[in-house]
Amino acid sequence: LGRKLPVSDLAIDIEHLEKRYGRFSALGGVSLQVPRGMVFGLLGPNGAGKSTLVKSLLTIVRPSVCRGTMLGQRIGHRRTLGRVGYLPEHARFPDYLTGRQIVGYSAGLAKVAAGAARERTGKLLERVGMSEWADRRNGTYSKGMRQRDGLAQALVNEPEIVFLDEPTDGVDPEGRVEIRRLIEAMRDEGRTVFMNSHLLGEVEQVADRVAIMSKGAIVKEGSIAELTQVEN
């Protein structure tokens, strides 16, 4: 699936990752390298194993076998996980919390100091276009507004790598454009963005490199140009 890069250039370097549920293999020996400072798209149909892969890398689910590193440390290294941001698919935050409280709560979980958390929360809500609605309850938000707030909470610990699971799913076209701009801005800041999607149109507009997943395995990897070129 391409040449191996030096470890120092990699945000994620997975030699072999498996996840089994009894006899069912959700991930069958995935090998994957993600260079630092780029938008990496993981593309595949629903049920391909994309979310399971991300959750295994974050040890939200425990992989059955995992040989590899993230940000230079073994998968699951606690301090390293503190340098990671995450927006899960179908993120569910309590409806009674305001957008500001959701971001602040995430800052607390990430052990961001109170003063820094307040400052970052305000700046991030402005950055994602949610300042005007920051003190309204989450239950009143549209899907797009919830996703924007979710992006803000994923950035509150100033992560080096950000995992976004189907970030534009269910969002209107205008909201998708705004989310793509935010992803590009993360890359411009030097962050690595790992983006899951089942929509080729979304991935090809923002990703520098793409891996295609099917039935728990990476079947192809490369740039969008490499993956879409027509052989003569």
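Welcome! Start by selecting Phe 194: with 0% relative accessibility, Phe 194 counts as buried, because buried means under 20% relative accessible area. Keep in mind as you look around that this is a predicted model.

**Next stop: the partner ring**

How do the rings of Phe 163 and Phe 194 sit relative to each other? They form a tilted aromatic pair, with 5.2 Å from centre to centre and 40° between the planes.

Phe 163 belongs to strand β7 (residues 161-165), while Phe 194 lies in strand β8 (residues 192-197). The pair links distant parts of the chain, with the two residues 31 apart.

**Widen the view**

Together, Phe 40, Phe 163 and Phe 194 make up one aromatic cluster. The count of aromatic pairs comes to 2.

**Last stop: two helices**

Move on to helix α4 (residues 114-127) and helix α5 (residues 143-155). Their axes come within 9 Å and cross at roughly 140°, and α4 and α5 are therefore oblique to each other. The crossing of α4 past α5 is right-handed.

Which residues make the contact? On the α4 side, show Leu 124, Leu 125 and Arg 127; on the α5 side, show Asp 149, Ala 152 and Leu 155. Colouring the contact of α4 with α5 by class gives 4 nonpolar residues, no polar ones and 2 charged ones.

Notes: Residues numbered from 1 in each chain as written. Predicted model: local features only at pLDDT ≥ 70, side-chain atom pairs only at ≥ 80, totals over all residues. Heavy atoms only, no water. Axes fitted to C-alpha atoms, helices over the stretch in contact; angles between N-to-C directions. Helix = DSSP H or I, 4+ residues; strand = E, 2+ residues; numbered from the N terminus. Parallel < 35°, antiparallel > 145°, perpendicular 65-115°, else oblique. Left-handed = near helix turned anticlockwise from the far one by under 90°. Contact = heavy atoms within 4.5 Å. Nonpolar A, V, L, I, M, F, W, Y, C, P; charged D, E, K, R; others polar. Phe/Tyr/Trp six-rings, centres within 6.5 Å; stacked < 30°, edge-to-face > 60°. Buried < 20%, exposed > 50% of the residue type's maximum accessible area, 1.4 Å probe, protein only.
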